[in-house]
Amino acid sequence: MMDDHVIAVPDSGLGNSAYLVDLGGGLALAVDACRDLRGLQQEAEARVLRIAFAADTHLHADFLSGAVQLAATTGAEILASRRGGREFEHRGLEDNEDLNLGGLTLRALATPGHTDEHLSFLLLDGTQPIGVFTGGSLLVGAVARTDLVDPDRTEELARTQYRSVRRLLELPDDVAMWPTHGAGSFCAATAGAQRTSTIGAERAANPVMHAADEDAFVADLLGSLGSFPPYFLRLGEANRRGPAILPQRLGLEPMAPAVVASAQASGATVLDVRPVSSFATAHPAGALSIPLRPAFASWLGWLAPHDQPLVLLREADQDLDEVLWQAAKIGYDNIVGELAGGFDAWSAAGLPTAVVPLIEATPIDGVRVLDIRQEAEFRAGHVPGALNIELGDLPGTLDRLTDVPTVVMCGHGERAMGAASLMAGQGFTQVNVLVGGPEDWADANGQRLETGP
């Protein structure tokens, strides 16, 4: 359910939603805006609104906050928990503190668990609650994970999360619920596909609310935690300090092929965002494949170094802004340039190239099947005998793998090509990428998918 004055601005790649609240009089509130403000600004401009307030529910681990950027560009007052220790100008709020937004009231509710300083924001019209921005506390069909602050405190924070969720469920049934994390977010513990809900709907249908007691809730939550990108461990502190302010327009300097090759020899990574088919046909030797798509940022943050230069390789028709803003929202400001003339220029310069064959699902014997999907995906159905190493774990395990004929698979091919590029960069010479997924391979080889570990 969505109030007419509240506009969701989803980020399907990271699985999150920011919100724009029309406060009347040409002013607006932004809640949990990320550093990539393009969608939020487009919504504000369409409604002729100036963002006067920027509220953050918590110190986000999966994206850099856009609140500091909004303060610089629109004069927005930043609203956040006093407990967060933020090192930039903001209004620190305490539990149950009300803020008059000019007709509407925003009430801070302490809901720790996902993070220590987490606030939810209850939006009221007079004394009537309209909806609640639950951030990383209560989600649609789930709650957010509690292992990002400190692995040793995961259970303690899960118990805190239980009490916070119970507090939110004391609100009336018809109160709208506007969470930040949703389907596709690695901050969420198996969230549902819908991005908004109501308190009544969650009280009735959220599986975590069916736990018999606190102990059962904690056991269910801890049992649902999967892996997460390593950049999550950096961004909370980066948000506490305050992200650097970026120009309104981002850009890159073109780099001649010989200059890129020299940078690569000195430790830079060629980041190839072209489609899987282009990378498979030919690419600069040693390049890392992360195809540009909505999930680009997550895999960039999982696979690419954040503290060494990256040089971009893209197709001419791929949107440079999309690459740079997806990178910027997770703190990757280390893309130093792009290959002038694209791959054709690299090839024409006679610089080293490589290929990674794409293969169709056909009967093949004597190959290693490497399934690089998440553990939960693998358990749900995989090729018999397949080796499961999550893509994010692959760099740390390559030294334990032998160079034998290998078919790498995921669901569609993008992640598998990322894995193959990592393997090729470490000297593996017999790597192929499956076009399709495990079902296609099993069908072609007369097999049935297995479930479980």
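These legends describe close-up views of a predicted model. Local features need pLDDT of at least 70 and side-chain atom pairs count only at pLDDT 80 or more, while totals for chains, interfaces and linings use all residues. Residues are numbered from 1 along each chain as its sequence is written, and side-chain values use heavy atoms, leaving out hydrogens and water.

**View 1. The open sheet.** 6 strands form an open, mixed sheet in the order β1-β2-β3-β4-β5-β6. Strands (E, at least two residues) and helices (H or I, at least four) are DSSP runs, numbered from the N terminus. Two strands pair if DSSP finds at least two bridges between them. The edge strands, β1 (6-11) and β6 (91-93), each pair on one side only. From one strand to the next, the twist averages 25°.

**View 2. Strands β5 and β6.** Strand β5 (residues 77-81) pairs with β6 in the parallel sense, over 3 bridges. Leu79 stands opposite Arg91 in β6.

**View 3. Helices on the sheet.** Helix α1 (residues 38-46) packs on the sheet and touches β1, β2 (16-24), β3 (27-31) and β4 (50-55). Contact means heavy atoms within 4.5 Å. The direction of α1 makes about 25° with that of β2. Helix α2 (residues 67-74) also packs on the sheet, touching β3, β4 and β5. The direction of α2 makes about 150° with that of β4. Axes are lines fitted to C-alpha atoms, for helices over the stretch in contact, and angles run from 0 to 180 degrees between N-to-C directions.

**View 4. The crossing of α3 and α5.** The axes of helix α3 (residues 154-168) and helix α5 (residues 214-223) come within 9 Å and cross at roughly 120°. The two helices are therefore oblique to each other. Angles under 35 degrees count as roughly parallel, over 145 as roughly antiparallel, 65 to 115 as roughly perpendicular and the rest as oblique. In α3, the residues that meet α5 include Ala158, Tyr162 and Arg163. Their partners in α5 include Phe217, Val218 and Leu222.

View 5. Leu59 lies in the loop between β4 and α2. Its relative accessibility is 14%, so Leu59 counts as buried. Buried means under 20% relative accessible area, exposed over 50%, and partly exposed in between (1.4 Å probe, protein chains only). Not counting residues up to four places away in sequence, Leu59 touches Gly84, Arg86, Thr115, Glu117, Gly236, Asn239 and Arg240. Leu59 and Asn239 are 180 residues apart in sequence, yet 6.0 Å apart in space, C-alpha to C-alpha.
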